[in-house]
Amino acid sequence: MTQLPDGRYVDDAPYDPQASIQQLERRDLDAPNWLLIWRKFRQHKLGLFSGIFLLICYLMLPFAGFIAPYTPNERLSEHLYAPPQSVNFFHEGAFQGPFVYPIVAEADLETFQWKFVPDESRPMPLEFFCPGGSYRLAGLIKSDRHLFCAPEGATLFLWGSDRLGRDVFSRILYGAQLSLTVGLIGISVSFLLGISFGSVAGYFGGRIDWVINRVIEILRSLPELPLWLALSAAVPSNWGPVSVFFIISVILGILDWPGLARSVRAKFLSLREEEYVRAAEMMGASSGRVIRKHLLPNFMSHLIASATLSIPAMILGETALSFLGLGLRAPAVSWGVMLNDAQNLASIEIYPWTAIPMLPIIVIVLAFNFLGDGLRDSLDPYES
Amino acid sequence: MPILRYAIYRFATMLLTLLVVSVMVFVIINLPPGDYLSNQIAELRASGQEAGVAKAEFLRTEYALDRPLWQQYMIWVGFMPGPNGFAGLVQGNFGWSFEFDRPVSEIVGESLWLTVLVNLAAVLFVYMVALPLGVLAAAKSKTWIDYTSAFVGYLGLATPNFLLALILFYYGHKYFDLPIGGLMDPAFEGQPMGWDKARSILIHLIVPTFVIGTSGASAMMQRLRANMLDELGKPYVETAIAKGMSPSRMLTKYPLRVAFNPFVADIGNLLPAMVSGSVLVSVVLGLQTIGPTLLTALKTQDQFLSAFVLMFVALLTLMGTMISDVLLVLLDPRIRYEGRDA
């Protein structure tokens, strides 16, 4: 026991957070697996933080219309390429509550561009729960209330406006709806294909295994993007945005399954020899039942971790396709579609805020990577 | 010579794979309804230009587009005589580009070599960056060197290639006066290769190489670090340290050699991603590789051109993987010669 200068007593023995988990005779030895995984995962701070962040992002999606001050295709033709505005609290040293300075467009006769100058004499307070452009909450309930919006006679471009005078911030929120779900749909497709092919190959072996293995090898050795491009070029141009969105997600998933199938197959090859599988077969369980009830649950958690790690690839894939003009198309809003505007150097040099959608992409991809790493590390709760 | 036998075996499997790939490419290219010429004919009819229709009809029979799909495929690859006898990929005839009204080989021409060059440079970059950084990060694990390299690595993985390209181009031009866009000075385009042209290409290569290689390098660096850390925990390392060996000599003499194998084998996984990246980056940066050609060809449904580019890209990856496999066997005699089994 040592006494610290501030009078607290501290045990001299080194503290090991893993000690209680590694105890041989611990009380929670019969705790369910998910609880053990959760306990270990909780210690992976970065992964936990990323997980919470992603959860918030996904929960926000249905309410994007409510949070965004503008609707995605609302054009303010007086304010093309307006720079980001800041929300202030103090006007000339006095607390005012959140307000913005209205911006006034002036023509610059030297560069022949519009210059937007904030009028610092007139603070205009933000409005809350105010009526604005109408949208559908979660795609169902029609509403025109917004969490906050610009005061009458002023604009509110938190992250600037684009070449048609649309609010970048609102469009990023709406874009998240498509950009974030593309990964989920894609991964479901890839999961379905990967698990079916992988388990069939691993469980039955023989000729089926050989064929599936060759297919996996071939697909894995090909560059994905040119094939994605070719497949998306085949999408008819007269399809609506929703069907294009679905087909693009499916395309992203179709080329992603081989990696998953390979790990499923390898697992099956080793698990097939286990005694409980033999026992289940002896008792007359069909192959489908053995695969679904006895084998898959064994490494479902591993699959989920690896799926988490491959979602970012899909999000980046959608962005790349839309960026090149072969993915989602306007009027659909996704981060890739938005970046399409920032395609040339001139616009990045003069209007750097049109490239802002890259920030959410980087943050989301990083978060998925950290979450996946954390999950993978905590999957084996009995290991130190 | 078992190594020679293995090389031949690998080559044969590559050819078979290529055959399967050609079927796949052909099917994908023909997925959209109609073809370039039938669309053109419909357009000409609609605008009442009957004169052009005859030419398009002629081209349709000339390139066998009026036959069933499987016959088109056989003619394209060169397994079956077309209207002009055997004239397919196998015979070295790459087809006709309807959009540019020139033979495909003439359009892609120089850009094929530039594509190979760009990808080669990127692979070299990956090795040159990942090897020292990975070893350093493992040797100094849990220090600021390790954390910084991990952070940069993660950032490299998460930033979309094409954005990195734009940003680097902008700042490269602003602060280092690097040239913007293209793979050579416009003055050298179409000129025979010379000393000045080579220099111009080299300077233009800096940014694209960096952009294409970054994500691959960070992935490889992390894997090399993990492999090295595994090795560093083994008793023989302890023995070497106890003997009083200098740390740098110990590192390079033992654990690095063991951790080196996966490093070479990895190129097979890395190459598809890098070729993908190079296509995208070429479009953004306007490099004269086949990336932009592919994009226009796909958008205009110029089928022979896009099919050839896809085949070439696939061939490039398959060749790279094959070479890395053969190298791996040379490097490590323990590896069995009967193909790779996961």
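**Figure 1. Sequence separation of contacts in chain B of the predicted model.** Take the contacts in chain B between residues at least 6 apart in sequence: 69% of them join residues at least 24 apart. Chain B holds 14 helices and two strands. Of its 342 residues, 38% are buried. Along the principal axes, the C-alpha atoms of chain B fill a box of roughly 90 × 55 × 40 Å.

**Figure 2. The two domains of chain B.** Domain 1 of chain B runs over residues 2-93. Domain 2 of chain B covers 104-336. Their C-alpha centres lie 33 Å apart. The contact between them draws 18 residues from domain 1 of chain B and 16 residues from domain 2 of chain B.

**Figure 3. Close-up of the side of domain 1 of chain B that touches domain 2 of chain B.** Two helices of chain B, helix 1 (2-29) and helix 2 (36-46), each supply at least two residues here. Helix 1 of chain B provides the largest share, 13 residues. Sorted by class, this side of domain 1 of chain B has 13 nonpolar residues, three polar and two charged.

**Figure 4. Close-up of the contact between chain A and chain B.** Chain A contributes 29 residues and chain B contributes 36 residues. On the chain A side, the elements giving two or more residues are five helices of that chain:

- helix 7 (224-233) of chain A
- helix 9 (257-271) of chain A
- helix 11 (287-324) of chain A
- helix 13 (345-350) of chain A
- helix 14 (358-377) of chain A

Helix 7 of chain A gives the most, with eight residues.

**Figure 5. Residue classes on the side of chain A that touches chain B.** Nonpolar residues number 23 on this side of chain A. Three residues are polar.

**Figure 6. Prediction confidence along chain A.** The mean pLDDT of chain A is 81. A value of 70 or more is reached by 95% of its residues. Confidence is lowest in helix 1 (residues 19-22) of chain A, where the mean is 64. Confidence is highest in helix 3 (residues 45-60) of chain A, at 91.

Note on methods
Residues are numbered from 1 along each chain as its sequence is written. Chains are lettered from A and ligands numbered from 1 in the order in which they are written. This is a predicted model: local features need pLDDT of at least 70, side-chain atom pairs count only at pLDDT 80 or more; totals for chains, interfaces and linings use all residues. Domain bounds come from an automatic or database domain assignment. Two residues are in contact if their C-beta atoms, placed from the backbone, lie within 7 Å. Helices (H or I, at least four residues) and strands (E, at least two) are DSSP runs, numbered from the N terminus. Ala, Val, Leu, Ile, Met, Phe, Trp, Tyr, Cys and Pro count as nonpolar, Asp, Glu, Lys and Arg as charged, and the others, Gly among them, as polar. A residue is buried if 20 or more other C-beta atoms lie within 10 Å of its own, exposed if 12 or fewer, and partly exposed in between; C-beta atoms are placed from the backbone. pLDDT is the predictor's confidence in each residue, from 0 to 100.
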